[in-house]
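Morning, everyone. Please have the sequence and the model open, and follow along as I go.

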Amino acid sequence: SGRPAPFNRLGGGQFQGPKPVAEMMTERVFEVEPIDERRLPIALVWAVLALSVLPLLLHTIGWVFSSHLTHSVESQTVTNAFSEPLAASFVHNLMEWTAVCVAVFAGLLALFHVRQNPDFVVLTIGVTMVFVGPLDAFHILAADRIMTATIDHQNLVPMTWAISRFAKALMLGVGVALFIFAKPRIKLRRTYLLFVGALFSVMIAYTIVRVGAQAGPLPQAYFPGSWVSRPWDIPALSLFLVSGIFLYPRLFRTQPNLFSHALLVAVFPEIATEFHMAFGSNELYDPHFFTAHFLKIVAYLVPLAALTLDFTQAFRREITASEQLAKAMGGLKNETREREQIERQLRSREIRLTQLTESIREVFWIADPPSKKLIYISPAYEEIFGRSCESLYESPSSFLDVIHAEDRDEVEAIVNLSLIHI
């Protein structure tokens, strides 16, 4: 025990120390201005819809995206007989490799996203894109005879195209259906398995194209002049229609975010792509053929745009939070300086008050009436009563021992009365 610290009550108020940092942080809630992060920008949505519909309208009025190439040398000069097919093949290669790059980049970006934020829909997009990207790559390598192929070019290109399109429609549809009806949860303990799986997908894609390119005669792919000119594209078209009508809208209602909205928007160019191939294209490199390849690139770009927007929004939230944290820390420093100044002033006043009480040659005290506990006794008590202040703190009534026996009862009554009237 020892002498209690001098009282800190000044002017009827009591100083409270600085608030804890945690409390300061809860008072300064980091709020980002509300924006709709569940949908793609409306301008992007309208652009995708316009690109999906506009080519069909332009074809209807006679405006086409490429010259109709004939394969008869008789109607062409020798130069044109070789240059035009080569030009068409070059454009085909350019468009396919663009689609491959977009698909692979979007797939890897989705897998990186899943590594940080497990999401089954994003995982479905990533696995699908990582699979169909290499499948398209091996498709064009086989078409260019860079991979060994024994199948007729006229059947190999549309059949490997149809396999790639069907695989994408099936993988996305099954993944979305699983999420809607089974609600699977992703627990990634070894994230490197994602990229091992991606490598395995590439091997499967290579095997499919390799076997198809060296298998026996493929079924006839083109039926020029018929209502359905490429019937092998009907399965993919049917799956995209089912997904676009039933699965993707329900997915967006179940989990409204950028990725479910991207699937819903991307299904329009997917359906348009298959529509041009199944009902419009009558041979390789005709206008509907190139239109379908262009729309496929658009469809691949939509999920890539969603992933890019998600990363952008996350970065923007980090920047906003950092700025607000910096402001909060600046305000906290200012408040800390102000509180330190107030504490210095209080300590100065406390010292002066202590000096004042120690210099007064009379005894005065402070007590708590309900408990009759002594809170403070002036140092003059030791000089006048000949007892230590500590003894009085331990036994507040011990001061009566030095009062003359004849006066003790009267003094005790006066003290008790003063406590009652405090």
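Start with Gln313. Gln313 is found in helix α9. Helices here are DSSP runs of H or I, at least four residues long, and strands are runs of E, at least two long, all numbered from the N terminus. Is Gln313 buried or exposed? Gln313 counts as buried, because its relative accessibility is 9%. Buried means under 20% relative accessible area, exposed means over 50%, and partly exposed is in between, with a 1.4 Å probe and protein chains only. What does Gln313 touch? Leaving out residues up to four places away in sequence, Gln313 touches Glu37 and Leu258. A contact means heavy atoms within 4.5 Å.

A word on where this comes from. This is a predicted model, where local features need pLDDT of at least 70 and side-chain atom pairs count only at pLDDT 80 or more, while totals for chains, interfaces and linings use all residues. Residues are numbered from 1 along each chain as its sequence is written, and side-chain values use heavy atoms, with hydrogens and water left out.

Now the whole protein. It has 12 helices and 4 strands. Of its 422 residues, 40% are buried. Take contacts between residues at least 6 apart in sequence: 72% of them join residues at least 24 apart.

Next, the core. In soluble globular proteins, nonpolar side chains tend to be buried together. A nonpolar core here is a set of buried Ala, Val, Leu, Ile, Met, Phe, Trp, Tyr and Cys residues, joined through side-chain atoms within 4.5 Å. The largest one has 68 residues, and Leu40, Tyr248, Leu263 and Phe289 have the most contacts inside it. Which helix gives the largest share of this core? That is α4, with 15 residues. Look at Leu263: beyond residues up to four places away in sequence, Leu263 touches Val121, Ile125, Leu172, Val176, Tyr248 and Leu251.

On to the rings. Rings of Phe, Tyr and Trp (its six-membered ring) pair if their centres lie within 6.5 Å; planes under 30 degrees apart are stacked, over 60 edge-to-face, and the rest tilted. The count is 5 aromatic pairs. One of them joins Tyr285 and Phe289, edge-to-face, at 5.5 Å centre to centre and 90 degrees between the planes. Tyr285 and Phe289 are both buried. Ring pairs also link Trp227, Phe275 and Phe279 into a cluster.

Now the strands. Strands β3 (365–368) and β4 (373–377) run antiparallel, joined by 4 bridges. Two strands pair if DSSP finds at least two bridges between them. Trp365 has Ile377 in β4 as its bridge partner. The two strands form a hairpin with 4 residues between them, and Lys372 in the turn has a positive phi of about 55 degrees.

Last stop, Leu400. Where is Leu400 found? In the loop between α11 (389–394) and α12 (405–420). Leu400 counts as buried because its relative accessible area is 8%. Not counting residues up to four places away in sequence, Leu400 touches Arg408, Val411 and Glu412. Leu400 and Phe385 are 15 residues apart in sequence and 9.8 Å apart in space, C-alpha to C-alpha.
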